[in-house]
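Please look over the sequence and the model first, then read the notes below.

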Amino acid sequence: MKKTNAFSCSLAELAARLGATLVGDGERRVSGLATLSDAGPEDLSFLANRAYLKYLPDTRAAAVLIHPAHVAECPATRLELDNPYLAYAELSRLFDPLAARPVAGIHPAASVADGVTLGQRVEVGAHAVIESGAELGDDVIVGPGSVVGADSSIGAGSRLHANVTVYHGVIVGKRAILHSGCVIGADGFGFAHDGAGWHKIAQLGGVVLGDDVEVGSCSSIDRGALGDTVIGDDVKIDSQVQIAHNVCIGDHTALAGCVGIAGSTKVGRHCMLGGGVGLAGHLTICDGVQVTGMSLVTNSITKPGVYSSGTGAMSNALWRKNAVRFKQLDDLAKRLTRLERSSRDT
Amino acid sequence: MKKTNAFSCSLAELAARLGATLVGDGERRVSGLATLSDAGPEDLSFLANRAYLKYLPDTRAAAVLIHPAHVAECPATRLELDNPYLAYAELSRLFDPLAARPVAGIHPAASVADGVTLGQRVEVGAHAVIESGAELGDDVIVGPGSVVGADSSIGAGSRLHANVTVYHGVIVGKRAILHSGCVIGADGFGFAHDGAGWHKIAQLGGVVLGDDVEVGSCSSIDRGALGDTVIGDDVKIDSQVQIAHNVCIGDHTALAGCVGIAGSTKVGRHCMLGGGVGLAGHLTICDGVQVTGMSLVTNSITKPGVYSSGTGAMSNALWRKNAVRFKQLDDLAKRLTRLERSSRDT
Amino acid sequence: MKKTNAFSCSLAELAARLGATLVGDGERRVSGLATLSDAGPEDLSFLANRAYLKYLPDTRAAAVLIHPAHVAECPATRLELDNPYLAYAELSRLFDPLAARPVAGIHPAASVADGVTLGQRVEVGAHAVIESGAELGDDVIVGPGSVVGADSSIGAGSRLHANVTVYHGVIVGKRAILHSGCVIGADGFGFAHDGAGWHKIAQLGGVVLGDDVEVGSCSSIDRGALGDTVIGDDVKIDSQVQIAHNVCIGDHTALAGCVGIAGSTKVGRHCMLGGGVGLAGHLTICDGVQVTGMSLVTNSITKPGVYSSGTGAMSNALWRKNAVRFKQLDDLAKRLTRLERSSRDT
């Protein structure tokens, strides 16, 4: 991406902000962030993963955020601190061109209904729609083409990017970031069968998002059937995720891309679900659970730890043979047991 | 969600509407629906699943929809009937605040092209676009930001929520519900390879949705390459579903979230695909098939029943050992056979 | 779909265009394309797959695109050539009603900011938004409701269908086709943990799409954390695909529906990923790799070929027994080894 951001800062100022120990020229200024291998002489870089130690000797970065344990190998000016990755996260927001934009106010082509409550410094983009009874807190940004449904509220400091949809009766906490194409509050998937076909169950609950929630592009969080679907504080949700009706997600939990969670399942606090993980409905997952990518969970989990299912990829030729054997696995196990018995008998 | 719905009804009226046997005070009024454990004294509740019997003795509900077999344990006023879940579905629609909204007509900020045919009581939201040649039947609602492409038709009583996209030449039946972010009629994934790269195959077919179809948020139904992609009557499709070109889905079939169906596959009537199920292309799945969550189906299915694939989750430590063995499975099976032979020979 | 396309052509003209050998009446005109079984007397058809040979004797098609090896069985007028499927692809675009539409220019209800650069014959639909600093090349079409973010550029001949979102600082090459609901340039999923909760990492990179890229409906391509996410030339991406930050995809690679690729993974040229395939992060997949549907890849692949994981579907009753045994697989293997040893010892 071409750089449009004119922000720059001296290393001394950055060290003070981060509480880092500066070793080198504090007057030197940096105007960008980059990886060790990509950084130029005006960029700040960081070492957060031992795998990248090999790029350290040759980096052209003006300075490096680094843990004291690795300074021996650092040729550049350095800012020493305990958690360089966290420091990088903090600084990244300084260099974000979006953060520096002036507030644009209500675009003349936006549609804001009567009976909407607007906080201070609210921005509503072109062709966005705010329906009757909605509330937008201070500093809320609603991107172009986004829709906030009737009687919904968006907490202070939240940003809806372009083409986000929030249905009626949804509560979004403070400082939320909702990415384009995500949909909050569509009907849960509820139907009763009469023996011949389906009868829709109106989804009368809502969705409540806590504070500091991020939702990725094209993700869905459905409204509850009777009670609400509830997403805790500081929950981070990647793109292409599906969260069904009446799911509850505990604080600080992170869901990677393509995760699907079926109805009424409760996920604890500080959990991490890898990409493509599926949780069946009506489960309870305790705090501190990690599930590796593309695993299927069909039973509740009561003990923190790492869980997995599935099989890793191999050549198709080998896989075909093994996959056939999987269908015989119970039979193979029984044959093994018989053989053990007959071996013991002889 | 805060309740904005002022609807209330006497138990006697509800019993009459449902054909239920009322035991208790028919004059009592209810103004909401809730689960047994959440219900307050103005709510109606229901018992549809034996797992919730434990909540029955302490419910505060004004009355409970219940099967005659369970009345002994019911402390509250009750409406006895054979299918309490179906009765709950019927009543849920009475309590839906969306159902009570007045029709808003064509919003002044909507773009309705010349040459569009509009039925009676049609509503088109702000910044929605209806392209030339499109037809909207009676009582159709097109939400804000939705687009109905040229020459498409939307059957009477259908609702497109906000930010839905219907391409050109798509036929949607009566009483459809299309949720936000869903896309009906984008190009199927068709390319011819010339040995060096890809050549696009224009997707000349359309999409036909039957009556009473529901499509969840952010789901895709692609248009056919030559003929149409066809979705039968009363087909219910959850969020994040992908239906490729020239797929046919039989009447009354339900697809849970994140299902993917590859091109030209035919799914029968009264099927149920669990969350994340994948069907390969060019298959035929007969009527009455259920597939459990995240299963992969690569062959046609000719017999009704329940089908599955995959492995359940376990601790990562145990999984690592077993997943390695899966790659040796054919070898293990051969060794077992050899051992059986040598055991028989001795 | 009802045919709205009045295009027709003589078989002699088509043969000349394709370099095919015409056997039959060159004056005959065709006005549509259809499969062998659906074709009527005004349609052209093709035989590209031996599985459809059975439909050849009874086809009503005016003429058939066919390989010389199969002409003996062809009752109709024929156009003989080496790659009938490629010829069908070329002709399909002639019969596409979208291709024949006149350019509509800038819709009066579009919002085009000051400081936008527009090429020749650009079309911008109703309620579309082009933000400041964006560039649209010649013949670009931006569908209704689509948003092109600040400082992004869309190459000549590209089409964004309705309700597409392109964030700021994204570069789209020439002749791209972006389908409705897709989102290019949303934030990658990057957070640093401080032991208590998450800190957002601003995603400062962009997205670069090469020439001739197609992206399906509701797919996500996230912007890079520092450098860019890079999609090569002639890459074809189906619907519901998730491409995470800093992924690189080589030229001519095709990704089927519901694929998910985690951060910083590099996929080679001429690869094909089947539906629902998941690639873990930080992998390198070499050129010429195919991965079959719903496989999980957690290690880099250095050799071209076909790769798979998972297990095929079977009856649920059989699957339950085998899935239980999968959890015992390492144990079974050890028991087998013990038995082999004791058998050798006796």
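Two strands pair if DSSP finds at least two bridges between them. Strands (E, at least two residues) and helices (H or I, at least four) are DSSP runs, numbered from the N terminus. The model is predicted: local features need pLDDT of at least 70, side-chain atom pairs count only at pLDDT 80 or more, and totals for chains, interfaces and linings use all residues. Residues are numbered from 1 along each chain as its sequence is written, chains are lettered from A and ligands numbered from 1 in the order in which they are written, and side-chain values use heavy atoms, with hydrogens and water left out.

**Strand pairing**

- In chain A, strand E36 (residues 289-291) and strand E38 (residues 305-308) run parallel and are joined by three bridges.
- A:Val289 of this pairing stands opposite A:Gly305 in E38(A).
- E38(A) is also joined by two bridges to strand E39 (residues 314-315) of chain B, and these strands run antiparallel; here A:Ser308 stands opposite B:Met314.
- E38(B) and strand E39 (residues 314-315) of chain C run antiparallel with two bridges, and B:Tyr307 has C:Ser315 as its bridge partner.
- E39(A) and strand E38 (residues 305-308) of chain C are likewise antiparallel and joined by two bridges, with A:Met314 opposite C:Ser308.

**Chain B against chain C**

- Contact (heavy atoms within 4.5 Å) involves 77 residues of chain B and 71 residues of chain C.
- The buried area, meaning the accessible area (1.4 Å probe) that two parts lose on being put together, summed over both, is about 5900 Å², and carbon and sulfur atoms give 62% of it.
- B:Phe189, B:Trp198 and B:Leu226 supply 12% of the area that chain B buries against chain C, more than any other three residues.
- The interface has three salt bridges, a salt bridge being a side-chain nitrogen of Lys or Arg within 4 Å of a carboxyl oxygen of Asp or Glu.
- B:Arg335 forms a salt bridge with C:Glu340, and their closest N and O atoms are 2.7 Å apart.
- Several elements of chain B each supply at least two residues of the side that touches chain C, among them strand E21 (191-193), strand E22 (198-200) and helix H4 (329-345).
- H3(B) gives the largest share of that side, seven residues.

**Chain A against chain C**

- Here the contact takes 71 residues from chain A and 77 residues from chain C.
- These two chains bury about 5900 Å² between them, with 62% of it on carbon and sulfur atoms.
- Three salt bridges are found across this interface; A:Glu340 forms one with C:Arg335, the closest N and O atoms being 2.7 Å apart.
- H4(A) provides the largest share of the side of chain A that touches chain C, nine residues.

**C:Thr59**

- C:Thr59 lies in the loop between strand E5 (43-46) and strand E6 (63-66) of chain C.
- The relative accessible area of C:Thr59 is 10%, so C:Thr59 is buried (under 20%; exposed is over 50%, partly exposed in between; 1.4 Å probe, protein chains only).
- Leaving aside neighbours within four places in sequence, C:Thr59 is in contact with C:Leu36, C:Ala39, C:Val64 and C:Pro75.
- C:Thr59 and C:Pro41 are 18 residues apart in sequence and 9.1 Å apart in space, C-alpha to C-alpha.
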